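Dear colleague,

Please find below the structure that I am handing over to you, followed by an account of what was found in it.

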Amino acid sequence: DQHLCDSICSGISFADLYGDLEMNILLIMIAIPIVMLIIEALLSKRYSIVLASISAALMLFFSIYLLVENFVDNGINTTKSIAFIPALGVSFSLTLNTFSVLLLLLSSIVIFVAASSGNIKAEREKLSSALVLLFQVAATGIFTSGNLLLFFIFWDIGVVTAFLMINTLGHSGSKIASMNFLIYEIFASVMLLFAILLIYFYTPLHTFDIASIISGASQIPASTQSMIMVFMLIAFMVNMPIFPLHSWLPDAYSEAATQVSMIIGGILSKFGAFGLLLSFELMPIASHYSIYVFAFSVFSSIYASLVMISQKDIKRIIAYAAMAEMGVIGMGISAYNTFGTFGALYGMLAQGLSIAFVFLIAGSIMHEFGERDIRLLKGIVMQSKAMAYSFVLGIFFIGGLPLTAGFIADLLIFIGAYKSFSFYAFIPFA
């Protein structure tokens, strides 16, 4: 016990906490929702929404600052690693780059709107705000992890928080929806853990550090790389979600509270897309699997679009629209080139914001009219023009109407897919 304590303590230097400004800001961003969560636990529920909103506002402010710094410096690329158990290669490692900065901005905007809007039903406000704060910690950690073990921990925090959100804050069918979601996510977490352990034991340095793994991954046997890629692809395709690992999606999105649907649709699905990008960076053999990811993504997008046409529940329509767009984003990632990768990143940003926006409007419609069956929703324009036109505008954003952010992302993805897969790239755009 004493030897383990010495190993842990010897690896931590508090001087390491003071690095460049961007990394200090990132540490503050992780600390803010944790501090607010502790304060909320000590105060009455009437302060819950205020505390969650203050935390989200601060996170949004720091995210915008990092985005400005990213453009001023022509891209941030910095890592801070604090050794925790050096003997096992375990460290608290955070990294900032263009991808993480943009995804931090996405999560901050969505969580700020979700936290500020609160629970429309005004039920369990303290629990709702606490879960939003906890998910904020997970999202920040996921998008900035420089260590696979840390990535896995934040991944599971996000999954458990999402499960509790669906289970405790949803509609009548939320219990079944949350259990279905949990089964899929446990399976995904097991696949991800297997992949991480294989990477750890087969890399020369036996480390969880992402940068070290990328530099030494070529020494991992090809057969082991293939196993790792399969495990990681399954795990990340569950979260996006991609057919056939998607059946948790319609119930989870439709039965969750509005606030929760915004967070799951806007941020949680990006955990999977971000992880998919990471898997292509980690394994040299990843290029051999790009065609499979492309095929599944294309089929998933077409399948979701066809199923969406037959839906009558307004939230299920949005859920399948989100799935269809995530399939297009998967296409961009599978292209494995500059156009496809940055198109996928821009697509994540555009899709996350538009899906969260449409879920917010749909929740307002349900609250105002007491119905989410589109066959029974009539006269919305007459009673609330702003609500009706906002919903239509959101649908245009999701559909990638020209001059919207979604259109620009789809165009970049199409160019990238065409460069990698030739005329097969036309299939989902037909």
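**A residue with positive phi: Y336**

Y336 has a relative accessibility of 38% and therefore counts as partly exposed; buried means under 20% relative accessible area, exposed over 50%, and partly exposed in between (1.4 Å probe, protein chains only). Although Y336 is not a glycine, its phi is positive, at about 60°. Y336 sits in the loop between α13 (314-335) and α14; helices (H or I, at least four residues) and strands (E, at least two) are DSSP runs, numbered from the N terminus.

Please note that this is a predicted model, in which local features need pLDDT of at least 70 and side-chain atom pairs count only at pLDDT 80 or more, while totals for chains, interfaces and linings use all residues. Residues are numbered from 1 along each chain as its sequence is written, and side-chain values use heavy atoms, with hydrogens and water left out.

**Other backbone features**

S422 also has a positive phi, of about 55°, although S422 is not a glycine. S422 belongs to the segment after α17 (405-421), and its relative accessible area of 35% means that S422 is partly exposed.

One runs from M240 to P241, with omega near -10°, and P241 is placed in the loop between α9 (222-239) and α10 (249-255). The other runs from F243 to P244, with omega near 5°, and P244 is likewise in the loop between α9 and α10.

**The chain as a whole**

The chain holds 17 helices and two strands. Its radius of gyration is 21 Å, which agrees with the value near 22 Å that a compact globule of 430 residues would have; the radius is taken over C-alpha atoms, and the globule rule is 2.2 Å times the number of residues to the power 0.38. The C-alpha trace spans about 70 × 60 × 45 Å along its principal axes. Of the 430 residues, 57% are buried. Among contacts with a separation of 6 or more, 77% are between residues 24 or more positions apart, where contact means heavy atoms within 4.5 Å.

**Nonpolar cores**

A nonpolar core is a set of buried Ala, Val, Leu, Ile, Met, Phe, Trp, Tyr and Cys residues joined through side-chain atoms within 4.5 Å. The largest such core has 135 residues, of which F135, W248, Y253, I267, F271, L282 and M283 touch the most other members. Helix α11 (residues 258-282) gives the most to this core, namely 14 residues. Apart from this core lies another, of nine residues, including F294, V298, F421 and A425.

Beyond its neighbours within four places in sequence, F271 is in contact with F135, A138, A139, I142, F143, W155, G158, F236 and N239.

**Two pairs of packed helices**

Two packed helices are described by the angle between their axes and the distance between the axes. Here, axes are lines fitted to C-alpha atoms, for helices over the stretch in contact, and angles run from 0 to 180 degrees between N-to-C directions.

For helix α4 (residues 98-117) and helix α5 (residues 125-144), the axes come within 9 Å and cross at roughly 170°. α4 and α5 are therefore roughly antiparallel to each other (angles under 35 degrees count as roughly parallel, over 145 as roughly antiparallel, 65 to 115 as roughly perpendicular and the rest as oblique). On the α4 side, the contact involves S100, L103, L104, S107, I111 and A115; on the α5 side, V132, F135, Q136, A139, T140, F143 and T144. By class, this contact of α4 with α5 has eight nonpolar, five polar and no charged residues; Ala, Val, Leu, Ile, Met, Phe, Trp, Tyr, Cys and Pro count as nonpolar, Asp, Glu, Lys and Arg as charged, and the others, Gly among them, as polar.

The axes of helix α6 (residues 148-169) and helix α7 (residues 174-202) also come within 9 Å, crossing at roughly 175°, and α6 and α7 are therefore roughly antiparallel to each other. Their contact has 16 nonpolar, four polar and three charged residues.

**A buried residue: I355**

I355 is part of helix α14 (residues 338-369) and counts as buried, at 0% relative accessibility.

With kind regards
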